[in-house]
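Please keep the sequence and the structure in view while reading.

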Amino acid sequence: MNQNINQLLERCKKGDTKAQFAIYKLYYKAMYNTAFRIVNDSFEAEDVMQESFLSAFTKLDTFSEQVTFGAMLKIIVIYKSIT
């Protein structure tokens, strides 16, 4: 699974929108649930999640593989939910 995610992330770095959608499908439920628990509003949680994915995809070049992509994304979701 992790190997597959790493391959998808490499494709995302090259602008592959199908790879971005595949990553989105893998993580969106967990990230939505995280945002919803913090903001307690479904529309706002959806917005936070979308902003978080956008932020993660635009900063992929700075992603160090010291943490998993999912952990990095969750940190972004939490931060955006709080702010």
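Helix 2 and helix 3 pass each other in a right-handed crossing. The model shown here is a predicted one. Helix 2 covers residues 17-39, and its axis comes within 8 Å of the axis of helix 3, the two crossing at roughly 135°. Helix 2 is therefore oblique to helix 3, because an angle counts as roughly antiparallel only when it is over 145 degrees.

A second pair of helices can be described in the same terms. In general, two packed helices are characterised by the angle between their axes and by the distance between those axes. Helix 3 spans residues 42-58 and packs against helix 4 at an angle of about 130°, with the axes 9 Å apart. This angle makes helix 3 oblique to helix 4. The crossing of helix 3 and helix 4 is right-handed.

Is Y27 buried or exposed? Y27, which is found in helix 2, has a relative accessibility of 14% and so counts as buried, since buried means under 20% relative accessible area. The C-alpha atom of Y27 is separated by 9.4 Å from that of F53, although the two residues are 26 residues apart along the chain.

N40 lies in the loop between helix 2 and helix 3. Its phi angle is near 55°, a positive value in a residue other than glycine. With a relative accessibility of 61%, N40 counts as exposed, because the cut-off for exposed is over 50%.

**Residues of helix 4**

Helix 4 comprises residues 69-82, and I78 has its place there. I75 also lies in helix 4.

**Salt bridges**

Side chains of opposite charge can pair when their charged atoms come close. How many salt bridges does the structure hold? There are two salt bridges, and they are listed below.

| Salt bridge | N to O distance |
|---|---|
| E10 and K13 | 3.3 Å |
| D16 and R11 | 2.9 Å |

E10 and K13 both lie in helix 1, which covers residues 2-13. These two residues are three residues apart, about one turn of the helix.

Which accessibility class do the paired residues belong to? E10 is partly exposed, with a relative accessible area of 37%, and K13 is partly exposed at 34%.

Methods. Residues are numbered from 1 along each chain as its sequence is written. This is a predicted model: local features need pLDDT of at least 70, side-chain atom pairs count only at pLDDT 80 or more; totals for chains, interfaces and linings use all residues. Side-chain values use heavy atoms; hydrogens and water are left out. Helices (H or I, at least four residues) and strands (E, at least two) are DSSP runs, numbered from the N terminus. Axes are lines fitted to C-alpha atoms, for helices over the stretch in contact, and angles run from 0 to 180 degrees between N-to-C directions. Angles under 35 degrees count as roughly parallel, over 145 as roughly antiparallel, 65 to 115 as roughly perpendicular and the rest as oblique. A crossing is left-handed if the near helix is turned anticlockwise from the far one by less than a right angle, and right-handed if clockwise. A salt bridge is a side-chain nitrogen of Lys or Arg within 4 Å of a carboxyl oxygen of Asp or Glu. Buried means under 20% relative accessible area, exposed over 50%, partly exposed in between (1.4 Å probe, protein chains only).
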